[in-house]
Every structure is written in structure tokens, then in C-alpha cells.
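Keep the 3D view open as you read.

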Amino acid sequence: MADENISVVLQEKMKLILEDKPIPKPGNDEVQIAMHSVGICGSDVHFWRKGAIGEFVVKSPMKLGHESSGIISEVGSNVKHLKIGDRVAIEPQTTCGSCRFCKGGRYNLCADVKFHATPPFDGTLARYIVHNADLCFKIPDNMSLEEGALCEPLSVGIHACRRGNVSLGHKVLITGAGPIGLVSMLSAKAMGASEICVTDISAERLEFAKKMGADHTLLIDTQDVDVLSEKVQTAFGVKADVTIECSGAQSSLELAIYSTANGGCIILVGMGPEKVTVPLLYAACHEIDIRGIFRYANTWPTAISMISSGAVNVKPLVTHHFPIEDALKAFETASTGAGGAIKVIIDCFKK
């Protein structure tokens with residue numbers, strides 16, 4: 001393999017290969033990017049292991065990866081705000097730009113969204129890619145390219161907290177201490193939450209959450225929601241103002257409903273079963289809002305500012321690095337959580 005543009009390609013379920021692709025040339029409004037850091041997301045692992053997520057089915061070979069950063073290596077003729085050598089964090093979606101959602105600023109809800117590494121669109125795990133220049137954001141000198149790649153998962157946490165109107169003094173419950181639960185915790189802290197309680201079935205992950213700044217942790221060691229809800233209230237002294245549900249488990253959503261204060265808000269982040277049974281009447285009678293999120297919108301400048309200013313520290317999330325040549329090992333590590341893996345980064349550059 002000449003490896004001029006070595007790429008990580010999912011051919012079909014459980015079949016991940018390295019393939020040398022042509023180096024793409026940017027269009028007039030695009031830039032070519034020499035990729036540097038790409039994080040492995042849970043969705044990447046799910047596509048690899050299952051070949052589908054809901055209605056998104058891998059029907060033809062597809063490059064994986066969407067948590068990305070790199071260095072501009074070529075610019076299109078219309079691009080004025082970026083130049084060769086600029087270090088950028090990449091927002092991995094493009095939309096139509098003309099529908100009511102795009103024009104209203106909620107472009108993540110556009111029906112014509114094209115998202116990296118979601119079938120049938122290629123991702124960013126390659127030496128070189130091209131992308132819409134307007135969705136490439138320069139990062140300051142005090143930020144690493146690794147941190148630039150983490151703007152993507154951090155954006156999920158930012159969007160979740162915005163949807164929940166997290167603000168000064170709020171007590172926030174976060175169910176699930178995986179990477180998205182942790183970035184939601186970091187975002188909530190930065191937005192003024194006074195206390196955060198994180199739940200999980202793993203004591204090891206809860207210990208990590210504690211080190212990252214959780215005020216309280218709760219090990220899910222029983223199916224008795226009443227007992228767990230009482231423990232949440234004991235931790236806070238009251239019920240949570242906002243709950244961010246990051247596990248996707250039906251039991252966690254039930255816990256969220258019973259642990260959120262009257263008039264509070266629950267944000268659904270975790271992707272669980274299509275249909276679940278939950279106590280909606282209780283939520284309705286206590287005026288608890290239940291809101292979903294779909295990825296993010298208008299978050300990259302905020303994410304970059306939060307990281308560069310020191311308002312959040314995402315560096316501890318990265319537990320493993322692999323060169324792109326060892327992509328399969330990287331996916332196996334991310335899938336199993338071997339060695340305490342939280343966030344696995346693939347280095348796409350040639351060493």
C-alpha cells in the first residue's frame with residue numbers, strides 16, 4: 001500500500017480494512033485537510049459491530065470517523081478566511097442552507113443533513129479529506145489538535161445543556177458516565193451548575209467522573225427506582241433541576257423522571273430502544289419537560305472558547321492513542337473499554 005491517503009473503510013459489519021484512496025481536491029468553497037486526530041465515537045463502534053444504527057444502514061463501503069481535527073493543506077478559490085497551515089476543528093455535517101431549520105439556526109434538524117460516517121456519507125478517518133470551509137474552525141495556539149477533535153463530543157454536551165437551560169446554581173443529574181456523560185458534566189459545570197451527580201453501573205467510570213469534577217456519584221446497583229431516586233435527593237438535598245440522560249437505558253429514563261424537580265427538565269441524549277415504557281403521567285402532573293437533542297448546532301466557537309480559556313479540561317478524557325495503521329486495534333479497545341479506555345484517538349498523520 002502506497003499509503004498516500006490511507007483510509008479506514010468499513011466494508012460491511014465487522015469488516016474494517018485499510019485502503020489507499022485518491023487524495024481529494026477541494027471544490028471552490030471547500031478546503032483540503034491533512035487529518036491529524038480523529039476520536040472513535042460510540043456510533044463508529046456500533047456501525048462496525050452491527051452494520052446499522054436504526055434506519056442508517058451500511059449498504060456500501062464507508063469511511064468511519066467524525067470527531068476530527070487537522071491542518072489545512074489546500075484551499076478552494078472562494079475560501080478567504082482560511083489558509084494553508086491553519087489548524088482546524090471540523091464540524092462534521094453539511095446541510096441545505098435554505099430550509100426553515102437552516103435559516104432559523106437549527107440546521108441540525110435539516111432534512112438534507114449530510115453527516116460524516118453516517119451512511120451513505122464517508123467519514124474523516126483518512127490522511128486527507130475535503131470539507132466545507134465554513135464548517136472548519138481555526139483553533140488558537142494554546143489548543144492542541146487532539147483538543148480540537150474533542151470539540152465534537154463536547155458540542156453534544158454544550159447542546160444538551162443549552163436545551164436544558166442549565167445555568168447558575170442548578171443541580172444537574174447526569175445518568176451515564178461514558179464520554180458523552182462526562183462532556184455533559186464538564187459543560188454543565190462551565191455553564192454554572194452548582195452541583196452535579198453522575199450515575200453509572202460501573203464503579204470504575206464513576207471514580208473517573210469524580211476525578212473529572214462530579215460532586216456526587218451514584219452506583220446503579222439495584223433496579224429499585226424509588227431507592228435510587230431517594231439517593232439522588234439525599235445527595236442534592238432536593239431533586240435535580242435538570243437531568244441529562246446519557247445512557248439510553250429505560251431504567252435511567254425512569255430514574256430521571258422521578259429524580260427531577262417539579263417544573264424541571266430532562267434532556268434525552270442517550271440512544272436506547274425505539275420504544276420504552278416510562279411514567280409519563282408523573283412527568284405531566286409535575287410539569288417536567290422532556291426534550292430530545294439531535295447532535296448540535298452553532299457550538300464549535302463555544303467549544304473552542306471553553307477549551308482555550310480553561311473553562312473545561314477535556315485532556316483527561318483521552319486514554320489511548322493509535323496510529324491509523326492500527327485502526328482495528330483502536331476500535332477493539334474502544335469497543336471493549338480495555339485498559340480503562342474512555343476516549344480513543346487515532347493519529348492520522350504520517351509519523
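A quick definition before anything else: a residue counts as buried when its relative accessible area is under 20%. By that cut-off, 50% of the 351 residues of the protein chain are buried. Bear in mind that this is a predicted model.

Now for the overall dimensions. The C-alpha trace of the protein chain spans about 60 × 40 × 35 Å along its principal axes. For 351 residues, a compact globule would come out with a radius of gyration near 20 Å, and the protein chain has 20 Å, so the two agree.

What is the chain built from? Its secondary structure comes to 11 helices and 20 strands. As for how the sequence folds back on itself, take the contacts with a separation of 6 or more: residues 24 or more positions apart account for 69% of them.

Let's zoom in on one helix pair. Two packed helices are described by the angle between their axes and the distance between the axes. Helix 1 covers residues 42–50 and helix 11 covers residues 327–336; they pack at an angle of about 105°, their axes 10 Å apart. That angle makes helix 1 roughly perpendicular to helix 11, because anything from 65 to 115 degrees falls in that class.

Which residues meet there? Helix 1 brings D44, V45, W48 and R49, while helix 11 brings L328, F331, E332, A334 and S335. Sorted by class, this contact of helix 1 with helix 11 has 5 nonpolar, 1 polar and 3 charged residues.

Technical notes: Residues are numbered from 1 along each chain as its sequence is written. This is a predicted model: local features need pLDDT of at least 70, side-chain atom pairs count only at pLDDT 80 or more; totals for chains, interfaces and linings use all residues. Side-chain values use heavy atoms; hydrogens and water are left out. Axes are lines fitted to C-alpha atoms, for helices over the stretch in contact, and angles run from 0 to 180 degrees between N-to-C directions. Helices (H or I, at least four residues) and strands (E, at least two) are DSSP runs, numbered from the N terminus. Angles under 35 degrees count as roughly parallel, over 145 as roughly antiparallel, 65 to 115 as roughly perpendicular and the rest as oblique. Contact means heavy atoms within 4.5 Å. Ala, Val, Leu, Ile, Met, Phe, Trp, Tyr, Cys and Pro count as nonpolar, Asp, Glu, Lys and Arg as charged, and the others, Gly among them, as polar. The radius of gyration is taken over C-alpha atoms; the globule rule is 2.2 Å times the number of residues to the power 0.38. Buried means under 20% relative accessible area, exposed over 50%, partly exposed in between (1.4 Å probe, protein chains only).
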